[in-house]
Amino acid sequence: MGCSHGIYTVRHVVERFIKGGNTVNLYAMDLSKAFDKVNHHALLMKLMKRNLPVVLIHILENWLKNCSSMVNCVLSYTFAVKFGVRQGSVLSPFLFAIYLDDVPVNRSLIPSSFVVMCADDILLIAPSVSELQRLFHACEFELSCLDMCINTKKSCCIRIGPRYDVKCASISTMKGHNLPWVSEIRYLGTYIIKCRQFRCSVTNSKRTFNRSTNAIFGKVGRIVSEEVTLQLVKSKCLPILLYRLECYPLLKADLHFLDFVVMRFFSFLMKLFRTANKDIIDECRSLIL
């Protein structure tokens, strides 16, 4: 249903395994040029298997068949696009999800594993390394049938649970490439870190928040009014700092860290607005928070 639901689903599955005394193994899969490699005929066959109305299938068929593009409106001719769905389209993530709907393998073969998919963000979850290896090979075979390639340079594994720091065997692809075990993985815009419990890093949110505020101040500076600056920070920067915080538990250290980021930002506002009046800063804080 959305990124928040995907992250919450991962958290729920991981915590269920940890309560049973297991160490969870997660694999973040990155597909190479995923949206651009969708076969139109295979996609239409999958839509027909879902018993979509014929009129709707005809509309999608005409839309996909008549797609065209150009490199430059002056230097390039228009050429037909025979594969892929357009990135940025509202409909494309749904079509891509239907196209990859066969990737989650039969649960009777690997009963205690999970595949969490949100568009082209795929996460494999298994309670053991051997089961994760079997699940990965099964998904790799299904993806090869769909002409999808796994980007091994951006794919990695992580462990969460009581034995999260124990060194284990590497997950290997059918071509013999080993996938590294790392300290954190990126999934749906959040960074899941290896730990005894399910936790996400807030350090990257701080870095992105500071980058976005600096970009705004670098463009507007003192040219616009204080109200406009605060509204830009509230609408563009604050959601970056608070992104998906409701999906996972926060420790006291995380709350203190976020509070420090906000307080440091308001100390910067005091210099920007050339004021040392605490009442003015409190009013600015109420407008943003």
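Is arginine 199 buried, partly exposed or exposed, and what is its relative accessibility? Select arginine 199 to begin: at 23% relative accessibility it counts as partly exposed, a label for values between buried (under 20% relative accessible area) and exposed (over 50%), found with a 1.4 Å probe and protein chains only.

Before moving on, know that this is a predicted model, where local features need pLDDT of at least 70 and side-chain atom pairs count only at pLDDT 80 or more, while totals for chains, interfaces and linings use all residues. Residues are numbered from 1 along each chain as its sequence is written, and side-chain values use heavy atoms, leaving out hydrogens and water.

**First stop: aspartate 254**

A salt bridge here is a side-chain nitrogen of Lys or Arg within 4 Å of a carboxyl oxygen of Asp or Glu. Aspartate 254 sits in helix α8 (residues 252–272) and arginine 199 in strand β13 (residues 199–201), so the pair ties together parts 55 residues apart in sequence. Helices (H or I, at least four residues) and strands (E, at least two) are DSSP runs, numbered from the N terminus. Aspartate 254 is buried, at 7% relative accessible area.

**Second stop: arginine 50**

Select arginine 50 with aspartate 101, another salt bridge (3.0 Å, N to O). Arginine 50 is partly exposed at 43%, and aspartate 101 is partly exposed at 40%.

**Last stop: helix α1**

Finally, pick arginine 11 and glutamate 15, joined by a salt bridge of 3.0 Å, N to O. Both lie in helix α1 (residues 3–19), four residues apart, about one turn of the helix.
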